[in-house]
Amino acid sequence: MKYLLLFVDNEETRSRSEAEVAAVSEKIGAWWGEHSQTGEILSGEQLQGAETATTVRHDHGTVTIVDGPFIEAKEHVAGYGVIDVKDLDAALELAKSWPWGGVVEVRPILEME
Amino acid sequence: MAEPAGPTVIEPDGLAVAEPAGRTVAEADGRTVIEPAGLTVMADGARLRIDATFRHEAGRLVGALTRYLGDFDLAEEAVQDALAEAVARWPAEGVPERPAAWLQTTARNRAIDRLRREAKGREKLALIAADPAFHPDAMPQAEPDERLRLLFLCCHPALSQDAQITLTLRAVAGLTTAEIASAFLSTEDTVSQRITRAKRKVSAAHIPYSLPGDTQLARRLPVVLAVLYLMFNEGYLSSHADVPERRWLQQEAEELTELLTRLMPREPEPLGLLALMRMHLARSPARFDAEGRIVRLRDQDRGRWNAAGIASGIRLLRRAASLRRPGSYQIQAAILAVHTEAPGSEVTDWPQIVALYDLLLRHEDTPVIRLNRLIAVASTAGPDTALAEIETLRDALAGYHLFHATRAELLRATGRHDEAAAADRRALELASSPAERALITSRLTG
């Protein structure tokens with residue numbers, strides 16, 4: 001079963017010191033490597049900060065381009081991972097062990113026939 | 001109380017079925033009655049009521065079919081179809097000799113029919129048939145943990161609280177949509193939608209049908225206990241119009257809780273909840289009068305209480321206490337134990353009860369618990385003190401009928417009868433259970 005893990009930054013994760021960030025980044029590297037080896041992680045990327053985003057909105061035929069992420073909120077998408085695991089419980093275990101913390105949305109990927 | 005299900009019978013075509021035995025029930029007047037296993041055809045012949053035994057079977061059947069098909073949604077639909085067919089056909093055709101086997105076969109066939117209708121389904125059927133263990137006429141026998149597996153699935157944290165209780169009442173306890181709607185003062189449409197959405201979530205997100213691993217069990221426990229308690233309460237004081245209580249639903253909750261205590265023997269809260277349920281059930285014969293009105297605890301004929309049930313509850317409580325991790329259900333059971341140990345209401349150890357409520361509030365501080373505590377405070381510090389304190393709960397509980405009913409009681413105790421009647425009238429406006437309404441009405445008119 002394929003799921004998308006959407007990694008979301010919140011106030012807590014954004015308020016970390018450089019030293020804390022460096023320490024967690026090492027853990028992420030190890031985590032990613034370990035779960036890629038098992039075949040659980042298929043792909044994924046870290047994104048640059050929300051301030052680097054540009055949003056294109058389609059609204060009844062009109063297209064607008066706006067500086068910034070699509071949601072004006074305290075939480076921002078920071079990265080994603082595509083995983084292939086047995087069931088939701090396995091996906092939730094991965095999400096729970098995500099070293100960065102913050103918020104992780106777990107969404108099943110639509111299987112095309 | 002209820003007898004366990006009867007012996008397993010292996011039928012010639014390979015179907016293994018447990019035929020439920022009759023339940024022995026001791027009635028309040030000392031008679032022993034055997035409730036027939038299976039369907040109860042109503043005296044008027046026209047209505048068919050599927051009693052506890054079937055709902056119990058339905059739960060196990062949904063579980064076994066889920067494992068067999070690998071699809072909870074399909075299994076649940078199939079069992080519902082089979083039950084509906086039973087209700088439609090049995091009044092005219094008569095109840096089959098082996099009703100449980102009939103249900104099992106019919107549900108399995110309905111599921112296979114559905115699968116055959118879609119290409120994806122046919123693929124799945126082919127996979128099932130290719131399994132060397134598969135016998136075309138057989139179904140895997142429900143395993144001892146089957147209903148627990150189903151319970152944990154329905155109580156998965158990925159489902160909302162509403163979805164959890166609705167799905168459990170439906171799939172595990174076998175309540176109809178109408179009964180669930182009545183229990184939550186909702187509409188059949190709302191309940192139906194909720195069930196559909198929940199099953200869709202189970203399917204789409206692939207919530208597994210399995211018992212959580214040892215490390216997860218303790219974490220998943222609180223939700224499961226809360227759902228079982230809700231189920232028990234709905235049976236304890238039915239919002240349903242035709243019966244004041246549904247003992248079979250209480251027993252269903254009790255049975256499932258007992259299964260939990262066997263699965264997790266070192267967890268104290270399931271033991272506490274089971275103790276609570278057993279002691280409540282033990283008082284069943286005395287809880288309602290001949291007209292179906294509630295008899296208050298203080299007025300109940302304690303000679304009618306099932307002594308064995310009370311003793312069992314107290315033993316369970318002691319076992320829980322030996323694990324040295326107090327919790328909300330254990331304390332509630334302890335409060336009930338203090339009540340039941342008293343030979344009469346006047347000699348109840350009220351200070352002990354107040355102390356236990358104080359302890360309970362440290363685990364779970366809610367306005368309703370505070371309200372119940374005040375009833376005990378009235379007996380230790382007097383009704384005036386309790387009346388003064390009850391006002392602090394008004395904001396939180398103004399819409400709760402028992403707030404007003406309790407106030408009425410306290411006002412009566414201090415001789416303020418007109419105000420008491422006004423409070424009772426407010427309680428009557430807000431009360432939904434017919435048995436409670438009858439009690440309040442008789443106070444107002446008596």
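**A walk through chain B and its contacts**

Helix 10 of chain B, spanning residues 247-263, has 17 residues and reaches 24 Å from its first C-alpha to its last, close to the 24 Å expected at 1.5 Å a residue. The model described here is a predicted one. The buried residues of helix 10 of chain B begin with Leu249(B), Gln250(B), Gln251(B), Glu252(B), Ala253(B) and Glu254(B), and continue with Leu256(B), Thr257(B), Leu260(B) and Thr261(B).

The domain assignment divides chain B into domain 1 (8-130), domain 2 (143-246) and domain 3 (378-446). Where domain 1 of chain B meets domain 2 of chain B, the contact takes 13 residues from domain 1 and 13 residues from domain 2. On the domain 1 side, helix 1 (52-69) and helix 2 (72-93) of chain B each supply at least two residues, and the largest share of that side, ten residues, comes from helix 1 of chain B. By class, the residues on the side of domain 1 of chain B that touches domain 2 of chain B comprise five nonpolar, three polar and five charged.

Further along chain B, helix 14 (residues 328-341) and helix 15 (residues 350-363) pack at an angle of about 170 degrees, with their axes 9 Å apart. Because angles over 145 degrees count as roughly antiparallel, helix 14 of chain B is roughly antiparallel to helix 15 of chain B. Helix 14 of chain B brings Ser328(B), Ile331(B), Gln332(B), Ala334(B), Ile335(B) and Val338(B) to this contact, where they meet Gln352(B), Ile353(B), Leu356(B), Tyr357(B), Leu359(B), Leu360(B) and His363(B) of helix 15 of chain B. The residues of this contact divide into nine nonpolar, four polar and no charged.

Two loop residues deserve attention for their backbone angles. His206(B), which is found in the loop between helix 8 (188-204) and helix 9 (214-236) of chain B, has a positive phi of about 60 degrees although it is not a glycine. Arg324(B), which lies in the loop between helix 13 (307-321) and helix 14 of chain B, likewise has a positive phi of about 60 degrees although it is not a glycine. As to their surroundings, His206(B) counts as buried because it has 20 C-beta neighbours inside 10 Å, whereas Arg324(B), with 7 C-beta neighbours inside 10 Å, counts as exposed.

Key:
Residues are numbered from 1 along each chain as its sequence is written. Chains are lettered from A and ligands numbered from 1 in the order in which they are written. This is a predicted model: local features need pLDDT of at least 70, side-chain atom pairs count only at pLDDT 80 or more; totals for chains, interfaces and linings use all residues. Helices (H or I, at least four residues) and strands (E, at least two) are DSSP runs, numbered from the N terminus. The expected span of a helix is 1.5 Å times one less than its number of residues. A residue is buried if 20 or more other C-beta atoms lie within 10 Å of its own, exposed if 12 or fewer, and partly exposed in between; C-beta atoms are placed from the backbone. Domain bounds come from an automatic or database domain assignment. Two residues are in contact if their C-beta atoms, placed from the backbone, lie within 7 Å. Ala, Val, Leu, Ile, Met, Phe, Trp, Tyr, Cys and Pro count as nonpolar, Asp, Glu, Lys and Arg as charged, and the others, Gly among them, as polar. Axes are lines fitted to C-alpha atoms, for helices over the stretch in contact, and angles run from 0 to 180 degrees between N-to-C directions. Angles under 35 degrees count as roughly parallel, over 145 as roughly antiparallel, 65 to 115 as roughly perpendicular and the rest as oblique.
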